[in-house]
Structure formats: structure tokens, C-alpha cells
Number of protein chains: 2
Amino acid sequence: MTTSQLTQQIRQKKSFLCIGLDVDLNKIPKHLLETEDPIFEFNKAIIDATHDLAVCYKPNTAFYEAYGLKGWQSLEKTIHYLNENHPEIFTIADAKRGDIGNTSTMYAKAFLEDLNFDSVTVAPYMGKDSVEPFLQFENKHAIMLALTSNEGAFDFQTLEAHGKELYKQVLEISKTWKNSERLMYVVGATKAEYFTEIRKIVPDSFLLVPGVGAQGGSLSEVCKYGMNDHVGLLINSSRGIIYASAENDFAEKAREEAMRIQEEMSAILLNH
Amino acid sequence: MTTSQLTQQIRQKKSFLCIGLDVDLNKIPKHLLETEDPIFEFNKAIIDATHDLAVCYKPNTAFYEAYGLKGWQSLEKTIHYLNENHPEIFTIADAKRGDIGNTSTMYAKAFLEDLNFDSVTVAPYMGKDSVEPFLQFENKHAIMLALTSNEGAFDFQTLEAHGKELYKQVLEISKTWKNSERLMYVVGATKAEYFTEIRKIVPDSFLLVPGVGAQGGSLSEVCKYGMNDHVGLLINSSRGIIYASAENDFAEKAREEAMRIQEEMSAILLNH
């Protein structure tokens with residue numbers, strides 16, 4: 001998917017919501033555990049109930065790998081279901097991969113070609129040759145960690161390196177890489193003012209923003225400082241939506257929560 | 001496995017060789033492609049031919065994920081084969097994972113508990129709460145990227161942050177984390193002199209060293225600067241050993257190459 005197709009979808013749905021499919025078998029409604037593939041059934045129900053309110057779904061691969069072979073199968077079924085039934089949706093394999101060149105090439109092939117995700121999240125620590133293999137696919141994207149939303153973000157990402165925080169160096173240096181126009185970035189919502197500085201470095205890139213809601217970030221603040229003229233933001237919510245209820249009405253409640261956020265987004269887009 | 005058990009094995013086998021099981025179906029002998037699980041059959045043959053010369057095997061998860069469900073199954077069979085037949089061997093899931101706390105917990109469970117690897121490689125970029133979940137398991141280890149052996153290592157890892165290269169900050173700060181005695185570190189062999197500085201920060205830790213041989217690092221130089229009194233080094237070789245031949249004699253040739261390295265190691269240990 002191109003970024004202009006993504007923006008088009010955002011304008012159409014009046015939403016830039018990304019729903020994180022981080023499925024934990026201990027948290028989903030009990031009756032699903034009797035089905036053959038509880039994770040997929042859960043995802044399918046969530047997608048069916050919310051696909052007109054969200055522009056993006058993001059399964060976190062950890063939650064699938066934790067269930068071994070069966071988990072991997074659920075991941076495959078989920079992405080196939082999305083690609084077949086909702087080809088307009090932007091999909092993210094939240095995998096945070098990154099390794100030496102030949103290895104990153106294998107990961108890129110696995111997620112962007114074989115599973116056919118639109119994008120995959122990557123870690124920057126190993127530098128250029130660990131990320132460029134993810135940027136070789138036309139209309140596909142690598143979403144690189146810049147400033148994350150967790151406490152540990154302040155261990156290294158905000159260290160000053162040559163008079164500039166590391167995450168800013170990461171943003172700047174990555175712009176020199178081959179096919180860097182296919183990069184997007186993870187930027188946590190915990191400190192909305194950071195977006196002003198970040199937009200100076202990457203004015204045009206899409207930013208995937210975790211940490212709104214549960215982790216304390218404010219949607220309107222993030223939009224105020226982070227939105228650009230083609231929107232340029234994907235706001236992720238995982239647990240707040242998918243675990244809005246653990247009862248039989250989980251999909252309905254997920255829809256209510258997604259709609260609450262979508263309405264807020266719609267108002268913001270109207271004024272933008 | 002404890003680090004003293006690992007050192008004991010090293011002394012016994014006169015080897016600190018780690019063999020990387022990075023299996024590419026395009027590179028293995030053609031006759032294996034007719035078997036039901038070519039990746040596992042290849043690994044089994046390599047392990048059978050080299051287990052008395054190596055103390056450690058390291059499957060890189062990318063090479064398994066690239067083959068989807070079947071690849072994941074091959075990974076499971078490989079680690080089960082190692083744990084059942086060679087419980088003295090130290091095993092590394094080379095996965096380079098790292099995510100927010102609850103997600104890292106899922107990865108840690110997947111690799112250290114369910115698959116029962118002795119260790120897993122992790123990336124430091126997201127800081128303390130992304131790594132500590134991997135350190136919760138007794139006699140298990142997280143092997144954190146410090147200074148890698150690829151070209152991109154010089155993009156961020158060697159940036160000066162507060163007067164000290166980032167990889168040194170990573171080493172120092174990680175020592176303050178909970179259960180940090182279960183940490184090991186990835187340190188590439190490309191510049192052996194770096195080991196002197198690194199040993200000042202982490203004198204006792206085991207270091208996993210890629211980049212000897214194919215990537216140009218010298219074994220004797222690395223040992224000169226990096227070895228400590230319980231050896232403290234695991235030297236990895238992947239392609240140099242497992243693809244020593246692409247013919248029917250691949251296992252035999254792998255053994256010859258492993259033995260060549262082991263003999264060099266044996267001589268070094270004798271003089272250490």
C-alpha cells in the first residue's frame with residue numbers, strides 16, 4: 001500500500017486508528033477457548049466488529065510465537081483474513097526485528113513477501129545494513145523504532161550523542177539510507193512536545209504512535225504537534241479496545257471503544 | 001545451564017566454538033530437499049558430526065520464520081533434538097528480540113520456557129524494561145547486543161554519548177538491571193582491541209563473538225584481549241562450517257572445518 005492510499009483511507013473513514021491484536025489466551029472470553037483456533041476466532045470477531053472504524057491492524061508477533069506452531073498458524077490465518085476480506089486495511093507485523101543483512105533479508109521476506117504484511121516494525125541498533133533489506137519492497141514499509149513509549153526509552157534513546165539525543169540521530173541518519181522514503185517511525189505518545197522536534201527532522205513520514213490512553217498520552221496533544229498535511233499519524237490502541245470486555249459481548253464493546261476513539265479522531269480531522 | 005557448567009564443558013571439549021544453524025534451503029545439499037523436513041535433517045546431520053567439537057549451537061530464528069509454519073516446526077525439532085540428545089550443549093535462540101515489558105515477557109516465555117533454549121539474544125534499544133523479562137529464569141541467559149560485527153555497527157553503537165560510545169553505555173547501564181548476572185553480550189570480532197575496553201566494564205561476563213573468519217576477525221587476537229579466567233568467550237561460526245560443502249559430504253566437511261577451529265582453540269586454551 002502506498003502512503004497516499006493510506007491517507008485516502010484515513011480521510012474516508014475519518015480515522016487514523018490502528019488496533020493492536022495482542023491476543024493473550026488468559027484474557028479472551030472463555031467460550032472461545034473451545035474453538036479450534038481461539039486466537040484467530042478472537043481476531044476475526046474484533047476485525048469484523050471494527051474494520052470500518054480502523055485503518056490498520058497490528059498483530060504483535062510475540063503473542064503468536066508464545067503459542068509456538070499453533071500461534072504461528074493463527075498469525076497466518078489472521079493476515080490472510082485481513083488481506084482477503086479487507087484489502088484496504090494497512091497491516092503491520094509488529095516484530096521489532098533487525099539483524100545483519102542476510103538475516104534481515106530473511107525476516108523481510110517472511111513478513112513482507114510470504115505473509116504479505118504491508119509493513120514490519122524494525123529496531124535501529126544494528127544500523128543501515130540491518131534495516132535496508134526491509135526497504136526493498138515496492139509499496140511496503142519498515143516502521144523503525146525512534147522514541148518508544150516505555151520507561152526504558154529513557155535509558156538509551158534520549159542519551160545525548162554529539163549534542164543531540166540518540167533518537168534524533170536515528171531519525172536523521174536513517175533518512176540517508178536507500179529507499180528511506182519507505183520508512184515510517186515508532187514515536188511514543190508519552191511526551192507530546194517531542195513531536196515538534198521530530199517533525200522538524202521527518203516532516204513527511206508516517207509515525208506509528210503507541211501509548212495513547214492506557215499509557216497516558218493525550219490524543220489531541222499528539223495530533224496538535226505531530227499531524228502533517230497528509231495526517232501522517234497512526235495511533236495504536238491494543239488492550240483498551242480488544243479487552244474492553246472479557247464476556248460474550250467483547251466484540252460489541254471493542255466496537256464501542258473503537259468508535260469512541262474514531263469520533264474523537266473525526267473531530268480532530270475536521271479542524272485540521 | 002550455569003556459566004560454570006558452560007566453562008566446565010569448554011575445558012572438557014577444549015573448545016569454545018558456537019555453531020550457527022542458519023539454514024538456507026538454497027544452500028543445502030539437494031538430496032535433503034526430498035526428505036520431509038530438510039532443515040531439521042540438515043541440522044541433525046551437522047549436530048551429529050560436530051557435537052564433540054562445539055559447546056554451543058545457535059539457530060537464527062529468521063531462517064526458520066522465513067519458511068513459515070514448516071520452519072517453526074523445524075526449529076522446534078532442532079531444539080528438542082539438542083535438549084534430548086546433548087543436554088550438555090549450551091543453546092542460543094538468536095532472535096534479537098526486545099519490546100515493552102509484557103511483550104518481552106511473551107518472547108522470553110516462548111524461547112526460554114516453551115522451546116527451552118538456554119539463552120536468547122536481545123536488542124538493547126528499548127532499555128531496561130524490555131530486557132529484564134528475559135532475566136527472570138534461573139540458569140537461563142539473555143545475550144544482549146553491545147557491539148555487533150556488521151558495517152551498520154558504526155551508525156549508532158559507536159556514537160559518543162556523554163563522552164563514551166553508546167555500546168559502552170549499554171554495557172554499563174545494563175549492569176544495574178535486575179538479575180544482570182544472567183546477561184551475556186554480543187561483541188563482534190572486527191576490532192579485537194575493543195575487547196580491552198569492554199573487559200574493563202564486564203570482566204566476568206560471557207561474550208558471544210560473531211565475525212571471526214568469514215567477516216575477517218582473528219581468533220587469536222580476540223582471545224588475547226577478550227578471554228578471562230573462566231574463558232568467557234563463545235566464538236560463533238555459521239556459514240564457514242555448515243556450508244563447507246554443498247555435496248553429500250557436507251557433514252564430514254563441516255566436521256573438518258569445526259575441528260580446524262577447535263584445534264586452534266585447544267592450543268589457545270593450553271597457553272591461557
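Between chain B and chain A, 26 residue pairs are in polar contact, both residues at pLDDT 80 or more. A polar contact is a pair of N or O atoms within 3.5 Å; within protein, one must be able to donate a hydrogen and the other to accept it, and residues adjacent in sequence count only if both atoms are side-chain atoms. Helix α5 (residues 101-114) of chain B gives the largest share of the side of chain B that touches chain A, eight residues. That side divides into 26 nonpolar, 14 polar and 14 charged residues. Here Ala, Val, Leu, Ile, Met, Phe, Trp, Tyr, Cys and Pro count as nonpolar, Asp, Glu, Lys and Arg as charged, and the others, Gly among them, as polar.

This is a predicted model, in which local features need pLDDT of at least 70 and side-chain atom pairs count only at pLDDT 80 or more, while totals for chains, interfaces and linings use all residues. Residues are numbered from 1 along each chain as its sequence is written, chains are lettered from A and ligands numbered from 1 in the order written, and side-chain values use heavy atoms, leaving out hydrogens and water.

**The interface**

The contact (heavy atoms within 4.5 Å) takes 54 residues from chain B and 54 residues from chain A. The buried area is about 4,900 Å², with 63% from carbon and sulfur atoms. Buried area is the accessible area (1.4 Å probe) that two parts lose on being put together, summed over both. M106(B), Y125(B) and F156(B) supply 18% of the area that chain B buries against chain A, more than any other three residues.

Four salt bridges cross the interface. Each is a side-chain nitrogen of Lys or Arg within 4 Å of a carboxyl oxygen of Asp or Glu. One of them joins D99(B) to K96(A), with the closest N and O atoms 2.8 Å apart.

**The barrels**

In chain A, eight strands form a closed barrel, β1-β2-β3-β4-β5-β8-β9-β10, with parallel pairing. Neighbouring strands are turned by 30° against each other on average, direction ignored. Chain B also has a barrel of eight strands, in the order β1-β2-β3-β4-β5-β8-β9-β10, and the pairing is parallel. Helices (H or I, at least four residues) and strands (E, at least two) are DSSP runs, numbered from the N terminus. Two strands pair if DSSP finds at least two bridges between them.

| Strand pair | Bridges | Bridge partners |
|---|---|---|
| β3 (90-97) and β4 (119-122), chain A | three | R97(A) and V122(A) |

Axes are lines fitted to C-alpha atoms, for helices over the stretch in contact, and angles run from 0 to 180 degrees between N-to-C directions.
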